[in-house]
Every structure is written in C-alpha cells, then in structure tokens.
Amino acid sequence: MKFNKIALSAVMTLSLAGVSCSDYLDKEVDLTLQADVVFGDYDMTRGFQARLYSYLPDAFAGYTNGQYRAASRDCMTDNSVSFWNVHQYNLVLLDGYPSTNHPFANDYWHNNYYGIRGCNQFLLNARPYVIGNAGKPGDDNRLYDRWIAETRVIRTILHYDLVTWFGDVPVVGEDGNGTPIILTPGMAMPPRTAAADVLKWIADECETYKNDLPFRYSNEEENWGRINGAAAYALKAKALILRASPLYNPTGDTQLWQEAADAALDFIKENARQSNPYRLYTTPDNDPDRNYYQCFVDNPVLNPEYILSRSVWTTREIELFLAPCGFSGTANAVGRTNPTQNLVDSYETIKGLPIDQDPDYDPQNPYAGRDPRLEQTILHHGSIWGDSYSNEERAVDITYGEGIDYKQIHGGTLTGYYTKKFLNNMSWSNPTDFRHACPIFRYADILLIAAEALNEAGSTGDAYQYVNEVRARVGMPPYSGMDQAALRERIRNERRVELCFEDQRFIDERRWKLFEGVTSQSEASLPRYRQVYNLYGVTVHPDDAEVYQYGPADTYPVRVVNTPKNYYFPIPHNECIKAGLRQTPGWEL
C-alpha cells in the first residue's frame with residue numbers, strides 16, 4: 001500500500017509490535033503520557049492507522065517462513081498437500097497438535113487481538129481537529145469520519161478472521177458507555193460470544209459505517225489497499241453467509257440465507273451505480289484460456305476484480321515455493337504445494353459435466369476437454385512451462401521415480417501436480433521479482449455468495465445469473481434447469497475451483513459440514529472430487545498401458561478430522577488460563 005510508507009517512522013513512539021503470548025493485554029506505552037504526542041500529530045496519527053493494516057489476514061503470510069509454512073494454507077484442506085515434511089500444515093491435516101502448542105492457534109489469536117487493540121486505541125484517541133473533517137470533493141471528504149470508518153471495518157475483519165478459525169470468540173468493541181475497550185493487565189477478557197452473534201455484530205458494524213467511505217476511491221493509485229465502502233459491503237455479505245451456513249444454521253432457516261443474499265445483491269446494485277465498477281478480470285482480448293490465470297499474475301493494483309488485498313509483496317518467494325522442482329539455475333524451485341487429485345477431478349469437462357458424468361472423459365487423456373481453469377491453475381505432466389526467452393521452456397515431467405520434476409531432496413510432488421495459480425513464469429537462470437497480492441475480497445466471491453444464498457433461500461431461478469457470470473469468463477456453459485439440491489452441489493464445486501488457494505476452502509469445508517455422515521471408509525466408493533477424508537494423486541508410467549495410475553496421495557493419503565473438534569482451532573491454552581476463557585470442546589487437556 002502506498003500510504004504505508006510513513007507507517008514505521010510514525011509509530012515508533014506508540015508501538016503496535018508484540019512478541020509474547022499475551023502482548024495484546026500488555027501496555028505498549030503509557031497512553032496517559034504519550035497519547036498526546038502520537039495523536040496530536042497528523043503524520044503520526046496517519047502512520048498509526050496505516051500500521052493497523054498489517055494485521056489484516058494474508059493468504060501469502062506463510063511464504064515468509066520457508067522452513068515451516070512456505071506453501072498454501074489449502075494444504076490444511078482436501079485441495080492440496082505439502083511436500084515439505086516439517087510444514088506445520090501437515091500436523092493440522094492429521095490433527096496432530098494439542099492446544100498447548102498449536103502454532104496457528106497462537107499466531108491467529110494473538111495477531112487478531114493485537115490488531116483489535118490497536119484499532120481501539122485509534123478509535124479512542126484519534127482527534128478530528130488533528131486529522132481534519134471538512135467537507136471537500138474527492139477521497140478526503142470528511143477525512144476523520146473516513147479514517148474512523150476504515151478502522152472500525154479493519155476491526156470487524158479481524159473479528160471475522162477470528163470466527164473462521166475459532167468459532168465463538170470474545171467481541172472486543174465498546175463497553176456499556178460506548179468507549180472502545182483497551183485491554184490491559186488485570187482487566188477481564190470478555191467471555192466468548194456465540195459465533196452467529198459475532199457475525200451479526202460484524203454485519204451491523206459494516207452496515208453502519210459503509211456509507212462513511214467512498215465505495216471505490218477515485219485515486220486508487222494513491223489509496224489502493226485502503227478499506228473502502230465496497231470492502232464493508234463485501235464483509236457484510238461474507239459474515240452473513242457464514243452465519244446462514246449449516247455450521248451455524250442447523251435448522252436451515254431460509255431467512256438467514258435471504259439476509260445473506262440481500263447483502264450480496266446490495267453490493268452488486270451499488271457497484272452497478274459506480275462510474276468505475278468492480279468486474280471480473282479479463283485480458284484485453286478476453287481470452288477464456290488466459291483470463292483466469294492472468295487475474296492473479298498481472299499487476300494487482302490495476303486489477304478491477306480485487307476489492308481488498310492486504311498489500312503488494314514484491315518477491316520471487318512465491319515462484320520458488322510453487323514452481324516444479326526441476327526448474328533451477330541461479331534460483332531453484334521446490335514446488336511444495338501439491339494439488340490433490342480430488343481438486344483436479346473437481347474441474348468439469350468443457351461440456352459443463354462432472355468427469356464421472358461425461359462419457360467422453362478419458363482418464364488416460366485426463367486434461368483434454370476440461371474447464372479452462374484447470375490448465376490455468378494446476379501444472380501437470382506435460383504442461384508447458386518455463387521462460388522461452390531464456391530457452392528454459394519445456395514440458396513438466398513427473399514420471400514416477402525418474403522425472404525431473406518428480407522429487408528432489410528439497411522439493412517435489414506427492415500427488416503428481418504443482419500449483420500454477422499466482423505463479424509467474426520466471427527465468428531461473430536470471431530470476432526477477434514480481435508483484436504479488438492475494439485478495440481478501442474478490443468480486444467473483446460476491447457473485448458466488450449471491451448465487452449460493454439465493455439458491456438456499458428458495459430462489460433457485462434467480463441464482464443462475466450470478467454463478468453463470470463467473471463461468472462465462474472462462475467459456476464454461478451456463479447452468480440451467482436444476483433443482484435446488486443439484487444447483488447447490490454445482491455452486492459449491494464452482495467455489496472450490498474458482499477460489500482455490502485463496503484461504504476459502506478451509507472455511508467452506510467446515511461451514512458446509514462436509515465431514516458429517518461419512519468416514520474415510522464409507523466415502524471411498526464416491527468420485528474422488530466428493531471425498532474429503534481420502535486424498536489422492538496420480539503417478540505417471542509412460543511404459544505401461546495405463547500411463548496415468550490413480551491412487552492415494554504419497555505420505556498423506558488420509559486426513560484425520562474429528563468433529564466437531566476440528567471445525568475450529570483451539571484457543572491457546574495459556575490464554576484460557578490467564579483470561580478465564582472456556583476451551584473449545586474437544587481441545588481440553
């Protein structure tokens with residue numbers, strides 16, 4: 001974010017950085033002594049607020065930790081597995097952590113509550129006469145009101161992130177007098193609030209403050225990455241569809257689904273009124289075979305589909321950790337995010353049919369005639385990859401045991417696949433850095449929320465246009481003529497292929513309660529794309545009659561999912577003790 005340039009120097013006096021397990025409860029400074037210094041200065045106030053953006057969720061965060069997390073967080077789902085055996089995703093996949101040392105629980109809990117504390121410090125201390133609140137044309141109209149609204153939406157995003165990982169969580173908003181709560185040592189942590197109620201609170205906050213923000217900034221080069229009104233509209237829709245889902249709506253109350261649909265439709269209607277509306281990304285020639293891939297590798301600041309992203313990261317780390325392991329030179333690829341056969345099989349044929357329902361699908365020619373997003377998301381045996389200008393272009397070779405891209409000491413594939421999404425085609429003899437950003441909110445997600453919520457609310461006929469708009473971008477045929485149950489399955493599948501590797505699958509698996517009523521044994525007869533416990537891959541044997549041989553994924557063939565325990569991460573054990581919070585059922589010592 002461009003506005004983040006002043007953040008570090010401006011917040012040295014009032015630090016938001018923390019290291020210990022309970023830092024968000026500790027005083028970084030004595031506000032009674034230093035609040036006047038920080039919030040009495042415009043630049044320092046602006047820098048303090050800019051620093052709050054660093055707490056927003058980021059699906060790329062793990063790539064900064066090459067040893068333990070340099071892979072997609074979809075490696076905690078049925079979409080992919082991680083090649084690197086010390087990656088912490090693997091033990092989550094096997095339910096191998098206790099509440100005393102669960103690394104993701106510790107990180108996500110403390111990051112979010114520390115950010116919430118910073119938001120509340122800003123809300124309590126920011127001063128309109130320092131920031132200015134005059135009416136003026138452009139993005140800076142009533143700037144104090146805008147910064148307050150931005151900060152409140154950041155705070156709700158952090159609460160939403162907490163719900164997705166922990167379920168019931170304490171809401172740290174305002175006290176009974178309307179004063180933002182600043183947790184300090186000796187103060188009682190609020191009790192855990194039911195997740196559905198937290199999600200309703202989030203939606204209400206978004207509704208209250210969305211109109212204090214420009215729906216989209218007129219100067220996006222300067223303000224790209226800032227919270228805008230569109231982000232508040234999007235968060236409301238995401239919060240309400242999570243609340244309406246089976247995990248929190250076991251009776252299937254259609255009114256909750258209708259509220260989620262209305263929130264998504266409100267976004268779509270408001271967006272349509274804009275002179276520069278959000279839209280699905282397409283290449284200049286609207287090429288269905290390139291539209292999807294280019295959406296995630298072109299300059300994210302210029303992407304009309306990205307509603308909100310954490311920030312732009314200029315790096316080659318994504319390329320190092322995603323590209324097939326045989327690509328090497330000055331830099332070496334290790335390819336540690338390996339998509340499963342489950343995910344690969346979920347891509348329909350070009351006719352719009354699941355592969356087990358299309359008589360023309362050939363498992364010995366498995367990648368022909370498929371949804372174009374398959375080729376734009378996943379690298380498989382025979383995929384053409386590598387920088388042609390440096391004479392590095394070749395076919396990916398994952399021939400079992402001997403292919404150059406099959407397996408090396410530091411990288412390889414456990415499934416026969418590598419991840420292409422977000423991966424720039426870099427020269428390995430002359431490596432360069434690329435601009436990366438993973439969206440927090442993306443327009444395609446809003447369209448799919450509208451489709452899902454309308455279908456579940458009983459308006460199946462109204463749902464088609466939104467899911468079909470997403471499919472049209474890649475030339476997939478439109479859906480029509482289905483009953484509610486059939487369309488439900490197709491919309492869920494559409495979310496899987498459209499939003500993979502964007503931190504959505506972990507939430508979707510759980511909110512839909514896909515683990516209920518089946519076991520690894522009972523689901524084994526189902527198509528692979530419908531299995532959630534058993535994970536599959538492919539091995540390639542060019543000398544055999546069946547070149548492509550399908551079977552369990554190497555190393556991690558079966559997930560361990562204990563429900564309802566594994567719907568959530570545990571609250572860090574030390575926090576339960578210090579804050580007097582009840583532990584999530586199943587995670588008690």
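Modeller: Glutamine 408 sits in the loop between β7 (394-395) and β8 (418-419). The model is predicted.

Biologist: Is glutamine 408 buried, partly exposed or exposed?

Modeller: Its relative accessible area is 40%. Buried requires under 20% and exposed over 50%. Glutamine 408 therefore counts as partly exposed.

Biologist: Which residue has its backbone oxygen 3.4 Å from a polar side-chain atom of glutamine 408?

Modeller: Leaving out residues up to four places away in sequence, glutamine 408 touches Phe83, Cys325 and Gly326. The backbone oxygen that lies 3.4 Å from a polar atom of the glutamine 408 side chain belongs to cysteine 325.

Biologist: How far apart in space are glutamine 408 and leucine 94?

Modeller: In sequence, 314 residues separate glutamine 408 and leucine 94. From C-alpha to C-alpha, the distance between them is 24 Å.

Biologist: Now the helices: how is α3 oriented relative to α5?

Modeller: Helix α3 (residues 42-52) packs with helix α5 (residues 103-125) at about 155°, and their axes are 9 Å apart. Angles over 145 degrees count as roughly antiparallel. So α3 is, relative to α5, roughly antiparallel.

Biologist: What is the handedness of the crossing of α3 and α5, and how many residues of their contact are charged?

Modeller: The crossing of α3 and α5 is left-handed. Thr45, Phe48, Gln49 and Leu52 of α3 meet Gly115, Gly118, Cys119, Gln121 and Phe122 of α5. Of the residues in this contact, four are nonpolar, five are polar and none is charged. The values asked for are left-handed and no charged residues.

Definitions and conventions
Residues are numbered from 1 along each chain as its sequence is written. This is a predicted model: local features need pLDDT of at least 70, side-chain atom pairs count only at pLDDT 80 or more; totals for chains, interfaces and linings use all residues. Side-chain values use heavy atoms; hydrogens and water are left out. Helices (H or I, at least four residues) and strands (E, at least two) are DSSP runs, numbered from the N terminus. Buried means under 20% relative accessible area, exposed over 50%, partly exposed in between (1.4 Å probe, protein chains only). Contact means heavy atoms within 4.5 Å. A polar contact is a pair of N or O atoms within 3.5 Å; within protein, one must be able to donate a hydrogen and the other to accept it, and residues adjacent in sequence count only if both atoms are side-chain atoms. Axes are lines fitted to C-alpha atoms, for helices over the stretch in contact, and angles run from 0 to 180 degrees between N-to-C directions. Angles under 35 degrees count as roughly parallel, over 145 as roughly antiparallel, 65 to 115 as roughly perpendicular and the rest as oblique. A crossing is left-handed if the near helix is turned anticlockwise from the far one by less than a right angle, and right-handed if clockwise. Ala, Val, Leu, Ile, Met, Phe, Trp, Tyr, Cys and Pro count as nonpolar, Asp, Glu, Lys and Arg as charged, and the others, Gly among them, as polar.
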